[in-house]
Amino acid sequence: MMIKKILVVKMSSLGDLLHTMPAVSDALANMEGLQIDWLCEEPFVDIARLHPGVRVVPHGRLRWKKRRLAFATLKEQWLFYKSLRQQHYDLVIDAQGRIKSARVAWLSGAPVYGPDKNSATDSETRMFYKQGIATQSVDNAVDKVRLLFAKTLGYELSGPADFGIDPEKLAPCPEQWQGQYVFLHGTTWQSKHWPESEWIRLLELARDKGQGVLLPWANDEEKCRADRVVSQANWGEVLPKMPLWELCGIIARSLGAVGVDTGLMHVAAAMEIPTVSIFGSTSVALTGAQGKNVTNLQADYECSPCRKKVCPRPENGVPPCYGSLPGDYVWKELQMVMGSSSR
């Protein structure tokens, strides 16, 4: 079968979408004239469109859940899947391996390929697939998706990960926010949070060097944290809330980044910004950032990585594993990765 038009289903979340971009770059590089549509949930459209080689298809799942049985919702869903079937895709790649993504892929009407029962997060997805693809031979999330695409589309996987992001095509960055550090402190899991005392120390070290620091936020909790650490360090600037697309434009023009295991940290790494990532409860081997100017730091502690959302052994409310990654050490690593990137 001549493959000319495919649909990629990777619906969420921010970091997971970033992990898929190198596979998209591989496919476009290996298959002449290939058209790729990327279906993702509406809040993540700005992340999918970071890759210039795809047409983004927004999916309203989160909106539809709020009024699941309303006539307007059912009508919108029917029209959406009717339009999706009219695209006549040659095949669909479910890059998520979840029931929610496999079902959407199947409703496209095209043959669906996805991770097999030993590789998918939800083994039941095999009911929706024409063929399951084994990807358990590699560990890192980026490599798993790259292997899934290569086996599905029939080319040999080679070379480093290319996220395909063109900074020149991103949103502009106001001049006052260019050339600063970006500290990416927000994340969903309680166990991923680096202690506030270490963020304060990092800000103090930047202050001593006269280097500006920007702190973005996505919700009230993150805004309060950013305000606290900036106030106590007497340094840094808390950014106003803004769309992801605009924030990505700012990150692309930053001098360097430090982040916990969160989607925006992966954005910075993918853009080849000198980046230091901090891993405690999660695993560098599985979800470590990839890029030319990245240093991934894994906590050195007996139960790290525990891969639990809530730390089972907190000390004064803080995961003890981060004691092996103090602010002074992270600062030195940031200076080293910035020095390497300038050579």
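Helix axes are lines fitted to C-alpha atoms over the stretch in contact, and the angle between two of them is taken between their N-to-C directions. The structure considered here is a predicted model.

In these terms, helix H1, spanning residues 14-30, and helix H6, spanning residues 141-153, have axes that come within 7 Å and cross at roughly 30 degrees. Angles under 35 degrees count as roughly parallel, and H1 and H6 are therefore described as roughly parallel to each other. Their crossing is right-handed. On the H1 side, the contact is made by His-19, Thr-20, Pro-22, Ala-23, Val-24, Asp-26 and Ala-27. H6 contributes Ala-141, Val-142, Val-145, Arg-146, Phe-149 and Leu-153. By class, the residues of this contact comprise nine nonpolar, two polar and two charged.

Across the whole structure, a search finds seven aromatic pairs. In one of them, the ring centres of Phe-80 and Tyr-81 lie 5.1 Å apart with the planes at 90 degrees, so this pair is edge-to-face. Phe-80 and Tyr-81 are both buried.

Tyr-181 and Phe-183 form another pair: their ring centres are 6.4 Å apart and their planes stand at 15 degrees, so the arrangement is stacked. Planes under 30 degrees apart count as stacked. Tyr-181 has 3% relative accessibility and therefore counts as buried; Phe-183, at 0% relative accessibility, likewise counts as buried. Beyond this pair, Tyr-181 and Phe-183 belong to a cluster that ring pairs link together with Trp-194, Trp-199 and Trp-331.

Terms used: Residues numbered from 1 in each chain as written. Predicted model: local features only at pLDDT ≥ 70, side-chain atom pairs only at ≥ 80, totals over all residues. Heavy atoms only, no water. Axes fitted to C-alpha atoms, helices over the stretch in contact; angles between N-to-C directions. Helix = DSSP H or I, 4+ residues; strand = E, 2+ residues; numbered from the N terminus. Parallel < 35°, antiparallel > 145°, perpendicular 65-115°, else oblique. Left-handed = near helix turned anticlockwise from the far one by under 90°. Contact = heavy atoms within 4.5 Å. Nonpolar A, V, L, I, M, F, W, Y, C, P; charged D, E, K, R; others polar. Phe/Tyr/Trp six-rings, centres within 6.5 Å; stacked < 30°, edge-to-face > 60°. Buried < 20%, exposed > 50% of the residue type's maximum accessible area, 1.4 Å probe, protein only.
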